[in-house]
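Me: Please walk me through this model one feature at a time, general idea first and then the case at hand. I would like to begin with accessibility and then follow the charged side chains.

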Amino acid sequence: DGEVHINEVKNGNAEMFWNPTSEVRRQRLKRHIVLFEEQTDFESERLWQHVTSAINKGDQHKATQEKFVLEEEQRNGARERRESGTEWKPLLFRHDAATDEWLYKYEDLRPWDPSNDIAQFEKNGILQTMERHLSTKMSNHKTTCINNQITRHKRSAKDCRRRKASDQPSNHSQNTESSCSTPESVQELSDDDGKYLGFESLCAQCGKEMNHLKEIHSAVLSLQKAQQDIHR
């Protein structure tokens, strides 16, 4: 948050390296954290609270002791798993054998796109980005899905009429004619049109993306409420 200078040891000259102007401060992303009382036992702020408290008080001896307690608990847990043959399966990290490093599974290293990216948030340890175009892409896929079903419906109706054309007309065939009709217009479809036309439900991808959008919307509303509470 402050100015950073580069000091040249040989001649004593100082050069401005970083100056967080008011314009830079306005562009910073707002930081949201989970309230301490709502954190689980293994979240960093709660897990390291005694170490942090000792450091803030300037008690290096106490901080070292508390750090040792945490590390010893981790060693004991690893020892017990090793003795019982229990495999440790991280939920959020994977091991890179080439570099012998643990990497976050859901890291997003692409540049931030202001024209498409609305907000980035964490849910259950998984980093997610809410995008403007996600709903558009889902809508396009949904329309394609419905159009494919309409095509299949038309083909079925055509085959039905072809079969009836080869038969002698009868009361039965006249009664079944209406069951093989093709919709007059399929230019505009609402959310319920698929059900109205008697099509099967949308594909699994549509349903999955719809549920994903609902989860994102719910998470964003929760963030907005938390921000309002903080401002109050």
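**Accessibility and salt bridges**

Me: What relative accessible area does D108 have, and what class does that put it in?

Reply: D108 is partly exposed, at 31% relative accessible area. Buried means under 20%, exposed means over 50%, and partly exposed lies in between, with a 1.4 Å probe and protein chains only. Before we go on: this is a predicted model, where local features need pLDDT of at least 70 and side-chain atom pairs count only at pLDDT 80 or more, while totals for chains, interfaces and linings use all residues. Residues are numbered from 1 along each chain as its sequence is written, and side-chain values use heavy atoms, with hydrogens and water left out.

Me: Which residue forms a salt bridge with D108?

Reply: The test for a salt bridge is a side-chain nitrogen of Lys or Arg within 4 Å of a carboxyl oxygen of Asp or Glu. The partner of D108 is R110, with the closest N and O atoms 3.5 Å apart. R110 is partly exposed too, at 36% relative accessibility. The rule gives a count of 11 salt bridges.

Me: Which pair links distant parts of the chain?

Reply: Look at K123 and E215, whose side chains meet in a salt bridge at 4.0 Å, N to O. K123 is in strand 5 and E215 in helix 8 (residues 204-231), 92 residues apart. Helices (H or I, at least four residues) and strands (E, at least two) are DSSP runs, numbered from the N terminus. K123 has a relative accessible area of 30% and E215 one of 41%, so both count as partly exposed. Another bridge joins R232 and D229 at 2.1 Å, N to O; here R232 is exposed at 73%, while D229 is partly exposed at 34%. There is also one network, made by salt bridges that share partners, of K67, E71, E72 and R75.

**Strands and their loops**

Me: How many bridges join strand 5 to strand 6, and in which direction do the two run?

Reply: Two strands pair if DSSP finds at least two bridges between them. Strand 5 and strand 6 are joined by 6 bridges and run antiparallel. Within this pair, E122 stands opposite L127 in strand 6.

Me: What should I notice about phi at N124?

Reply: The general idea is that most residues other than glycine have a negative phi. N124 is not a glycine, yet its phi is positive, about 55°. N124 belongs to the loop between strand 5 (117-123) and strand 6 (126-131), a hairpin with 2 residues between the strands. At 70% relative accessibility, N124 counts as exposed. D100 also has a positive phi of about 55° without being a glycine. Its place is the loop between strand 3 (93-96) and strand 4 (101-104), and D100 is exposed at 58%.

**Buried residues**

Me: Why does D117 count as buried?

Reply: D117, in strand 5, is called buried because its relative accessibility is 3%. Its side chain makes a polar contact with the side chain of R110 at 2.9 Å. A polar contact is a pair of N or O atoms within 3.5 Å; within protein, one must be able to donate a hydrogen and the other to accept it, and residues adjacent in sequence count only if both atoms are side-chain atoms. Contact in general means heavy atoms within 4.5 Å. Beyond its neighbours within four places in sequence, D117 touches several residues, among them W112, T129 and M130.

Me: Which residues is A54 in contact with, leaving aside its neighbours within four places in sequence?

Reply: They are D59, K62 and A63. A54 is in helix 3 (residues 49-56) and is buried at 4% relative accessibility. The C-alpha atoms of A54 and T64, 10 residues apart along the chain, are 8.7 Å from each other.

**The chain as a whole**

Me: How many helices and strands are there, and what share of the residues counts as buried?

Reply: The protein chain has 8 helices and 6 strands. Of its 232 residues, 15% count as buried.
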